[in-house]
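Student: Could we go through this structure together, slowly? I would like to ask things as they come up.

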Amino acid sequence: MDKILVIVEHKNGLLKKVSQQILGFISDFCRQSEKKILVLIYGEKIAERLFEEVASWGADEIITIENQCFANYNPAIFIPTIADVIKKNSPQLVFFGNTAVGRDLSPRLAQYFNSYMISDVIDIKIEKDKFCFTRPVYGGKLFEEVETNGELVFVTVRPNSFGNSVNYHKNPHIYNIEPKAITNFSYMVSDILRKESEEKSLSEAEIIVSGGKGLKSAENFVLLEELARVLGAAVGASRSAVDAGWRPYSSQVGQTGKTVKPKLYIACGISGAMQHLAGMSTSQVIVAINKDPEAPIFKVADYGIIGDLFEIVPVLTEELKKIFKD
Ligand SMILES: Cc1cc2nc3c(=O)[nH]c(=O)nc-3n(C[C@H](O)[C@H](O)[C@H](O)COP(=O)(O)OP(=O)(O)OC[C@H]3O[C@@H](n4cnc5c(N)ncnc54)[C@H](O)[C@@H]3O)c2cc1C
C-alpha cells in the first residue's frame with residue numbers, strides 16, 4: 001500500500017483547478033516519502049498537453065481510459081473499470097475533487113470495496129505516514145478531524161483548499177486501459193442535457209465579483225453581472241444574499257459555500273464576516289467596496305473603496321469598458 005491514486009478531471013485540455021491542487025499537495029508529500037503517485041485520466045479524448053501537466057506534478061504512473069464511453073459521467077460504466085484499476089494497484093488513498101462527479105463516484109466506489117470515504121476535506125496533515133483529514137460538519141459550525149489506519153480510503157477535496165505547490169517533474173509510465181464490458185446494470189445514463197448557461201464556475205474563476213446584503217435586491221445584481229461581463233469574471237454572493245433568495249446557493253462564497261482563490265476578488269456590499277472570509281481570504285488581490293469604513297472586509301482588502309456601491313460600481317464598469325476597448 002505505497003501508492004496514492006488521484007482521479008483527475010479536465011476541461012478544454014487543461015486540468016481542473018481542484019485536480020491540480022490535489023496533485024500539487026500529494027506531490028509535495030510524496031517527494032519526502034516512498035509513496036508513488038498514480039493518476040487516472042479518463043475521457044473520450046485526452047489532450048497531449050494533459051500528460052505534460054500531470055507529469056509536472058510528480059506523477060509516477062498515468063493510467064488513461066480514452067474511450068467514447070467515458071465522454072460523460074456514467075457510474076454504471078465508470079465503477080467496474082475504475083474498481084479494476086484500484087484492485088490491480090492497491091492504493092492506500094484514492095483522491096477526487098469534491099465536484100459533482102467526485103461526490104457521486106467516491107461513495108459508490110467506497111461501497112463497492114466495503115471501505116470508507118471522507119468527503120469535503122479542507123486540510124490534510126501527514127505525520128509519519130499517518131493521514132489526518134479536516135472537514136467541516138454541521139454546516140460549517142464545527143470542524144472534524146479524521147485519521148485513517150492505512151486501509152483503503154476514498155477522499156474528496158474541496159476546491160481551493162490547498163496553498164500553491166511547486167512543480168516536480170517526473171517521466172511517468174503512461175498506459176491506456178479499455179473500459180470493462182458491462183453485461184448487467186440496474187440503470188444507465190443515456191444522455192446528458194447541458195443547461196444553457198454562460199455562467200462561469202466560481203471555483204475555477206480567475207476573477208470574481210461578489211455581492212452581499214448591501215445590494216438590497218436580486219435585481220440590483222445586474223450591476224455586478226455587467227461588471228463581471230467586462231472583466232470576464234464569475235459572480236459570487238454572501239450567504240445573506242443567498243438566504244434572501246437573490247442568488248442561487250451555487251454562488252455562495254464562504255464557510256458553508258465555496259472556497260475560492262481567484263487572482264482578483266471584488267467584494268461589493270459585503271461586511272466581511274469571518275464565515276465569508278473563510279471562503280475568500282486567500283484570493284490574490286481583494287478589492288472591497290463598502291460604505292461603512294469600519295466594515296471588517298477592509299481588514300483583508302488590498303484596496304478599499306469607501307462609498308455607495310450603487311455609485312461606484314457603474315463608474316468602475318464604464319471605466320473598465322474603456323480600458324478593455326483599447
Ligand atoms: C455557521 C455559519 C455559516 C456561515 N456561512 C457563511 C458563508 O458560507 N458565507 C457567507 O457569506 N456568510 C456565511 N455566514 C453568515 C455570516 O455570518 C454573515 O451573516 C454574512 O456573511 C453577512 O453577509 P453580508 O456581508 O452580505 O451582509 P451584512 O453583514 O448585512 O453586510 C452588508 C454590508 O453592505 C454594506 N452596504 C450596505 N449598503 C451599501 C451600499 N449602498 N454601498 C456599499 N456598501 C453597502 C454595509 O455597510 C455592510 O457592511 C455563516 C454564518 C454561520 C453562523
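Student: Let me start with the ligand: how many residues surround the ligand, and which are the closest?
Tutor: Please keep in mind that this is a predicted model. In it, 31 residues surround the ligand, and the closest are G212, G214, S238, R239 and G254.

Student: Which helices and strands supply at least two residues of that shell?
Tutor: Helix 6 (239–243), helix 7 (274–280) and helix 9 (309–325) each do, and strand 16 (285–290) also supplies at least two residues of the shell around the ligand.

Student: And how do the shell residues divide into nonpolar, polar and charged?
Tutor: Eight residues of the shell are nonpolar, 17 are polar and six are charged.

Student: What domains does the chain have?
Tutor: The domain assignment gives domain 1, which covers 3–176, and domain 2, which covers 207–325. The shell around the ligand draws on both of these, with at least three residues from each.

Student: How far apart are the C-alpha centres of the two domains, then?
Tutor: The C-alpha centres of domain 1 and domain 2 are 32 Å apart. The contact between them takes seven residues from domain 1 and six residues from domain 2. On the side of domain 1 that touches domain 2, the residues divide into two nonpolar, four polar and one charged.

Student: Changing topic, what is the strand order in the open sheet of seven strands?
Tutor: The order is 7-11-6-1-4-5-12, and the strands of this open sheet pair in parallel. Strand 7 (116–121) and strand 12 (173–176) stand at the edges with a single partner strand each, so one side of each has no neighbour in the sheet. From one strand to the next, the twist averages 20 degrees.

Student: Can you take me through the pairs around strand 4? How many bridges join it to strand 1?
Tutor: Strand 1 (residues 3–7) and strand 4 run parallel and are joined by five bridges, and within that pairing L5 has L38 as its bridge partner in strand 4. Strand 4 also pairs with strand 5, in the parallel sense, over six bridges. There L38 has E61 as its bridge partner in strand 5.

Student: So what is the bridge partner of E61 in strand 12?
Tutor: In strand 12, the partner of E61 is H173. Strand 5 (residues 61–66) pairs with strand 12 in the parallel sense over four bridges.

Student: Why is strand 4 described as largely enclosed?
Tutor: Strand 4 is largely enclosed by the rest of the structure because six of its eight residues are buried.

Student: What lies across that part of the sheet?
Tutor: Helix 2 (residues 48–55) lies across strand 4 (36–43), strand 5 and strand 12, and it runs at about 160 degrees to strand 4.

Student: Moving on to strand 13, how many of its residues are buried?
Tutor: Four of the five residues of strand 13 (residues 207–211) are buried, so it is mostly covered. Strand 13 runs parallel to strand 15 (residues 264–268), to which five bridges join it, and V209 stands opposite I266 in strand 15. Strand 13 also runs parallel to strand 14 (residues 234–237), with four bridges joining them, and G211 stands opposite A237 in strand 14.

Student: I also noticed S90; what is its phi?
Tutor: Phi of S90 is near 45 degrees, which is a positive value in a residue other than glycine. S90 lies in the loop between helix 3 (75–89) and strand 6 (93–97), and S90 counts as exposed because 11 other C-beta atoms lie within 10 Å.

Student: Last one: where is T134, and which residues does it touch?
Tutor: T134 is in strand 9 (residues 130–137). Leaving out residues up to four places away in sequence, T134 touches V121, I122, D123, F143 and E145. T134 counts as partly exposed because it has 16 C-beta neighbours inside 10 Å.

Note on methods
Residues numbered from 1 in each chain as written. Predicted model: local features only at pLDDT ≥ 70, side-chain atom pairs only at ≥ 80, totals over all residues. Pairing = 2+ DSSP bridges. Axes fitted to C-alpha atoms, helices over the stretch in contact; angles between N-to-C directions. Contact = placed C-beta atoms within 7 Å. Domains from an automatic or database assignment. Nonpolar A, V, L, I, M, F, W, Y, C, P; charged D, E, K, R; others polar. Near = placed C-beta within 6 Å. Buried ≥ 20, exposed ≤ 12 C-beta atoms within 10 Å, placed from the backbone.
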